[in-house]
Structure formats: structure tokens, C-alpha cells
Amino acid sequence: MIQYNPAEQQFTKYIFFTGKGGVGKTSVACATAVNLADSGKKVLLVSTDPASNLQDVFELNLDNKGTEIPEVKGLTVINLNPEQAAAEYRESVIAPYRGKLPQSVITNMEEQLSGSCTVEIAAFNEFSDILANDEKREKFDYIIFDTAPTGHTLRMLQLPSAWNTFIDENTTGASCLGQLSGLEDRKDIYKLAVNTLSDSDLTTLFLVSRPDETPLIEVERSANELAELDIKSQNLIINGILEQPDNNDKISKALYSRQQNALKNRPQSLLNMQTYFIPLRSYNMVGTANIRNMLTEDTAEQLEKIETIKNDFLNIENLIDDLYKTNKRVIFTMGKGGVGKTTIAAAIAKGLAERGVKVHLSTTDPANHLSFVNTDGLSVSHIDEKAVLEAYQKKVLNKARQTMGDADLSYIEEDLRSPCTQEIAVFNAFAEIVAMSENQVVVIDTAPTGHTLLLLDATLSYHHEVERTQGNITPAVRDLLPRLRNPQETEVVIVTLPEATPVFEAERLQQDLKRAGITNKWWLINSSLLLTDTQNPFLKSKAQGEKRWIDEVNKLSEGNAVVMKWESS
Amino acid sequence: MNTREIKIYDPTLCCPTGLCGVNIDPELMRIAVVLETLKKKGIIVERFNLRDNPQVYVTNKVINDFLMKEGAEKLPVTTVDGKIEITAAYPTNAQIAEWYGMSEDELTIKK
């Protein structure tokens, strides 16, 4: 394993960094972009993450058109916010009809174009535009993509081939993709995007991971799935390696051995991959100066005076007690991937079960962690998107079979291949789980942030549609949103880490919840080094850095913030 | 064969079968299948989706007048030779069969 250094690296024109949220792929992508720009190259950095934090990193407001970074000559940054792109697309579609169609129609159109299909299509549209853009190809030496969290990335990358097949195979000429007017015109652009992605002379993929067991297993899964999509030029970057343990410090030793174990036991197929590492840094990746130094040196300011921290933070028992006393029926743990919300959900479920409550624990995370979590004495389920989709397709077909013959069924099957069917299928499964709260407490570990937002957004549009449709609505779907919006019934625990990005991220999540009319009282800050008794100066400096983020969360949560200690396992 | 021109103006639908909606609407499935069956016989029933073809709802005066007066709640609308025949529902198989001078069985051929 060698240290990652862009100066010594041969790059293709297009560079992708991908990985689970929280592994630092934004930092790595930014550091690469800044280093290449510093060496005199013209660089375009693009974020396609619905929960992008490029704005936090560069401390600038960014847009989807491109912003030149004043402190970094030669670097332009584009922030593709799919929801914003969808909003722009929606407005461009609707604007010409204002005043020419009844207001109810305009409202209806807006509603229909607020779905997850529109968001995905809009995001992909922009994404493929950049890949297919001749002017950008000529103007920039390198185009770097800081892609979305793993599950979302995969979906996005799957879209082009899925769509190409879909357009080719869709003989009836009717599909959910009809909403993109002139889709056929864009077919060549999509095709070019797909070809670019799988062309190893043009595109290099860097999978970014942390030196931890779960992220390494996940990264192997991504690698395999991407390889199946013909994206075979893959490299691995392991970010945040502690190079030398401090043998006088328990925590440093524990961290070191945990990392080394995870590295030693990493999945076989990763051992064959070109692998780089980046040392653990004691500072947060915010601001151009830190980004510039990330790959070269640690600038940890030696702490003159180590502050003693009085541990008067709330703990998870306080949280569980409150959930128990207020008799919550539906409990979510929400947050960016990698913050440990599955573990927290399991701990909450277990804590409630120990208090004699009947509990059901479920996850909608596409990368299911529950097999790694101890869930004794609880009923457990998980929403497997693929399985759920198949079940939904089967249900629809069975229903269709009652009224039509085989020839007609093939038409229905055609429609069931559309991308948005998946969203609907998952949503229905989600509704069923929440409906289980009728006779037990349900704890749900939601999927990574971007996905969660889209899901809730879908819930919202769904709700309006439920009121409109006269069709046969299941009670699960009908009751879902009112249930989520009822603070007596539902609690959302926002899980985050005491670091810049996860906190910014969680704050946005809170705002999004508010917009959806869902109340959140509790926050939980996971993996705090500050609560450990580390005496290692490097880790202490890192721990001190946590303080401002814990304070920030305390403010955001109005004092309802639980802090959990960093654990070695 | 009868050559009447039938057009259906849908409300904003995700897709013609409504499968992308909250739930499966049997009416939407029925009409999609019937139109598909007609198409196989060479009969094209034009169908517009307000989301995809809003311009049609503006330029077609009959439809636009109807919409501005009655609102979107009265969609879908079916026109026969340019005249509004059915509102707030899809034509039944019996009606379609009658317009085209065929038997209902022909619309639901099972292979």
C-alpha cells in the first residue's frame, strides 16, 4: 500500500471518487482537485451528491453552473444538487402554462413533477451533460466527480444502461420516462455518458473507504457492482490510517489495532486492487488550507493547554428513557451513512425491549448492516429494495391477471420495468413497517441521507396524491404521513459525528424534516474521542476539535443531544 | 371499419397504467390494455397526458375551454370526432366497442 499522492499519479480525463458517506471522498476529491490545479492544470470538480458538502469545504455558495475558486487558480467547482435541478426542470416545464391552464392543473403538474423520478432524471441529465460536453472536455485537463453515497451512486450509474435498455426495449412507446420530453433526443448523450464511464482510457474510479471492517466490506460490494456495470478501472483509497500507535495510550493502541485488523482482514478481491492510503489527520477538512495539506502534511497545532472536559452530556439511557416515558410508537434513526445509525437503532430497540416494550427493528438501508448488529430478543426485518421490488411486481401482475390475458400482461410487465416502480415498491414496504406500530414499537434505521430525503419527499407527494385518488388505498399508506407528523407518536433521532461534514449534513436533514412537517427532538453524536481518556496528543487534538461540533449540535437540538463515546469495536 | 376519431385527455399521470401511482387503479389498467389491443388492430386512439403534453390542453380550444371552466377534476375527457363525450371517467368497453362498431369481446382478446 502506498501513500496517495496526486502529483505522482497518472490520471485519466474523468476521475470518480465514490464510497459510503462519511469516508471522506469529498475531502479526497477536493484535495486531488486542489493539488492538480496547484500544479497548473485546469480542473473541474463536480459534486453529484444530493447531500453535497462541497459548500462547507470551500466555504462558498456554489451552484450547478460552475464557480471559480478564488484561492485555487485553475479550479472550477460545480455543485449538482439534484433537488435543485429538479426544481429548475419543473419550473421550465410549468412556467409556459401559468395562466393558460387552471390553477388546479398547475398545482397538479407541480405535484407530479416533485416525485423522486423527476429528481433522479434531473440529476442524471446534468451529470450526463457534463460527461458529454465537448467544451468542458477541451477546457479542462481533468474533470473530477465527487459522487454520491454508495447506494445512490450505484443507482445513478445504473441508470444509463438501464435506460438505454429501457428505451430500446420499450416497444409500446409509453413509459414513466415520458415525463422527460425529448428523451429520445438525449439518447446519444446518455449513451456517450455510459461509454465514457466504462472506458478505462477516459475514466478512473477511486473507491474511498475508511480502515474499518464495515466500510471495507461495503466498498467490495460497490467494486463488484461497478464491475458488473463495466466500470473496471478501479482503485482503492483507504482514508484516515493511523500510521504509528502511541504505545503509552490505550485509545491510540485500540484505534491502531482496530484499523490494522480491518485492513488485514479486508475482503480478498480488494487485496488485488491498486490500493493507496491517506494518513489520519487531526483537523477537519474545511477550508482550502486544510484541503491543500491533507495529502502532504499534518498541520495539527500543538495544543498549549489541554482543556479538561466535564462529562455532563446526556447519554443514550436518557434518550431511551424519554422515548419510553413519552410512549413513542415509531422511532427513526436518521443521518448520513457511516455515522452508526444502525447500531444506534439497535441499541434503542434493545433498550426499549429491556424496559418490557414489544419492539420491532427494521432497516431501509440498501447496504444492510443488521447482520453485524446484536439484536437479541427483538423481532427484526429489513427492507431489501430488490426483494421488495420483485414482490411489488408480482403483486401488480397477480392483480392484473384477474382482468386480462397473457398477451396484455406483457404490456403491464413493460411498465413495471420503469425506474420509478422501484421507488414505489420501497415506499409501500416502508408504509407496511410503520403500520406495524399499531401493536408494537417500531424502530427504523433509515437509508443514507440523500435517499432518506427522497423517500420522505415521496411520502409527501404521495400523501397529496392519496387525497386525490379515489383508488383503493391501503390503510398503511393512508395513515403513513399523519403518523410521521404526529410528535406524540413519532420521534426522529438524528445521528451524527462530532465532525464538520456530518454536522452540516445533519443540520440540513433537520431542515428537510421540518419542511416535511416532521418533528425532531433528539440528536445523538456518535464516536466521540472527547469522552475517551486518550492522552495521546494527536488524538487529543482531534478530540478537542470535536468540542465545537458538540456545542453546535447542542444548539441545534436545544439541549437534547446525546454524546456517545468512541468504542474500539 | 368505422373511422371515428377518438381522443383521450388524461389528467397528469405518471404512466398510462397508473402503476407508478399510489396504488393500482384497475380502470387505468383496463383502458391501457384496451387501447393496446386496438393498436394491434391498427386503430390508433390518441391519448394525451397532461404532464407530458400540456400544450395540447392549451391549443385545443374545446379542451382548454372545458378545463378553464370545469377544472382538472373533470379529467379524463374523451372526445369523439372533436366533441366531448365523456368526462371524469374513461369510456367503458361497451362504449368503445359501439364507437368502432365491434363487439366487446374483440377488445379483451385473451391469447
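A salt bridge is a side-chain nitrogen of Lys or Arg within 4 Å of a carboxyl oxygen of Asp or Glu. This is a predicted model, in which local features need pLDDT of at least 70 and side-chain atom pairs count only at pLDDT 80 or more, while totals for chains, interfaces and linings use all residues. Residues are numbered from 1 along each chain as its sequence is written, chains are lettered from A in the order in which they are written, and side-chain values use heavy atoms, without hydrogens and water.

Side chains of opposite charge can pair when their charged atoms come close. Over all chains, the structure holds 20 salt bridges.

One of them joins Lys250(A) to Asp533(A), with 3.5 Å between the closest N and O atoms. Lys250(A) lies in helix α10 (residues 250–264) and Asp533(A) in the loop between β15 (523–528) and α21 (537–556), so the pair ties together parts of chain A that are 283 residues apart in sequence. Helices (H or I, at least four residues) and strands (E, at least two) are DSSP runs, numbered from the N terminus. Lys250(A) has 57% relative accessibility and counts as exposed, whereas Asp533(A), at 46%, counts as partly exposed. Exposed means over 50% relative accessible area, buried under 20%, and partly exposed in between (1.4 Å probe, protein chains only).

Also in chain A, salt bridges link Glu317(A), Asp321(A) and Arg355(A) in a network.

In chain B, Asp81(B) and Arg4(B) form a salt bridge (3.8 Å, N to O). Asp81(B) lies in the loop between β3 (77–80) and β4 (83–87) and Arg4(B) in the segment before β1 (6–10), so this pair ties together parts of chain B that are 77 residues apart in sequence.
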